[in-house]
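Have the model open as you read.

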Amino acid sequence: MSTTQLHPTIDDLITQIGEAGERICDIDASEAGAGNISVFVGWDIELRRHFPVSEEIELPSPAPALAGGTILATGSGRRLRQLGQEPLAAIGAVRVHDDGITATLYTSPFRRFQRLTSEFNSHLAVHQDQVASRGIDFQAIVHAQPPHLTLLSHVPAYQSTELMNRAILRWEPETIVSLSQGIGVLDFMVPGSAELEDANVAGLREHEIVLWSKHGTMSRSDISVYRAVDRVEYAETGAHYEYMNLMIGGVAEGLKRNEINAVANAFAIESPWLEA
Ligand SMILES: [Zn+2]
């Protein structure tokens with residue numbers, strides 16, 4: 001079997017992006033046009049059948065590692081809840097040219113957006129960084145606005161990577177397994193800014209999900225769009241438990257550190273969040 005047979009097709013990817021958008025909405029992590037999704041594909045993928053309309057664009061920042069590859073990304077202002085039903089109205093395909101600075105944007109005749117997501121610069125920078133440093137040929141990135149995580153980021157007692165992870169990793173035994181690197185907490189930065197773009201790239205080198213304080217999350221996966229959404233669900237579920245515990249006056253015990261350690265040992269998990 002050649003490895004190319006294992007690659008998802010363009011139809012698989014469109015379906016994945018659509019279902020991921022719906023799931024993000026199911027967990028209330030994307031009101032109206034909030035949230036966005038992108039997928040980088042390093043191999044040759046056929047675009048014209050779904051996306052026959054083309055225009056030349058300039059990338060928001062150079063992405064030489066992505067030359068020849070394609071980024072599928074959601075359009076600005078499109079609602080993630082409608083992504084499953086009308087994916088072609090909301091997705092554009094960016095084929096990066098050899099110069100790493102310009103690209104062709106392929107879209108459907110049913111396209112209903114003017115520009116790609118306003119967070120495209122953040123997505124692009126993470127794709128560039130991960131492909132350049134790790135040589136991956138696939139990556140999915142999801143930006144969501146999960147309410148419990150975001151609420152906790154407004155509370156001083158949770159405003160660091162250490163404090164947030166101690167709070168959210170302690171409610172379900174599988175969290176240390178599924179989210180073993182925890183979540184990276186970034187300070188508040190203006191959406192779309194160069195400052196956020198840089199901090200986000202650095203954060204996603206260490207964690208598969210980061211929290212943009214007072215805004216939302218960005219998560220990544222080398223495997224599938226679903227896995228990138230899973231990161232949001234694991235972290236948001238932990239934050240939801242933490243919120244519920246605050247509601248009942250903080251009387252819940254949570255998993256103790258030695259209990260979290262025991263789970264990690266049983267599943268051979270390495271994590272910076274274990275006791276030495
Ligand atoms: Zn946002």
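Let's start with a pairing: strand E6 (residues 138-144) is joined to E9 by 5 bridges, and the two run antiparallel. One spot to look at is Ala140, which stands opposite Ser221 in E9. Keep in mind that this is a predicted model.

E9 has another antiparallel partner too, strand E8 (residues 209-212), with 4 bridges between them. Here Val210 has Met218 of E9 as its bridge partner. E8 and E9 make a hairpin with 3 residues between the strands, and Lys214 in that turn has a positive phi of about 60°.

The two pairings, side by side:

| Partner of E9 | Bridges | Direction |
|---|---|---|
| E6 (residues 138-144) | 5 bridges | antiparallel |
| E8 (residues 209-212) | 4 bridges | antiparallel |

So what about the cover on E9 itself, buried or exposed? Strand E9 (residues 216-221) is mostly covered, with 6 of its 6 residues buried. In a regular strand, side chains alternate between the two faces of the sheet. In E9, Gly216, Met218 and Arg220 point one way, while Thr217, Ser219 and Ser221 point the other, and all are buried.

Now for the surface. Leu246, Met247, Ile248 and Val251 make a nonpolar patch of about 420 Å². Met247 sits in helix H8 (residues 225-247). Why does Met247 count as exposed? Because its relative accessible area is 55%, and the cut-off for exposed is over 50%.

Definitions and conventions: Residues are numbered from 1 along each chain as its sequence is written. This is a predicted model: local features need pLDDT of at least 70, side-chain atom pairs count only at pLDDT 80 or more; totals for chains, interfaces and linings use all residues. Side-chain values use heavy atoms; hydrogens and water are left out. Patches are made of residues with over 30% relative accessible area and no salt bridge: like charges are joined within 9 Å, nonpolar side chains (Val, Leu, Ile, Met, Phe, Trp, Tyr) within 5 Å. Accessible areas come from the Shrake-Rupley method with a 1.4 Å probe; for residues, only the protein chains shown count as cover. A salt bridge is a side-chain nitrogen of Lys or Arg within 4 Å of a carboxyl oxygen of Asp or Glu. Buried means under 20% relative accessible area, exposed over 50%, partly exposed in between (1.4 Å probe, protein chains only). Two strands pair if DSSP finds at least two bridges between them.
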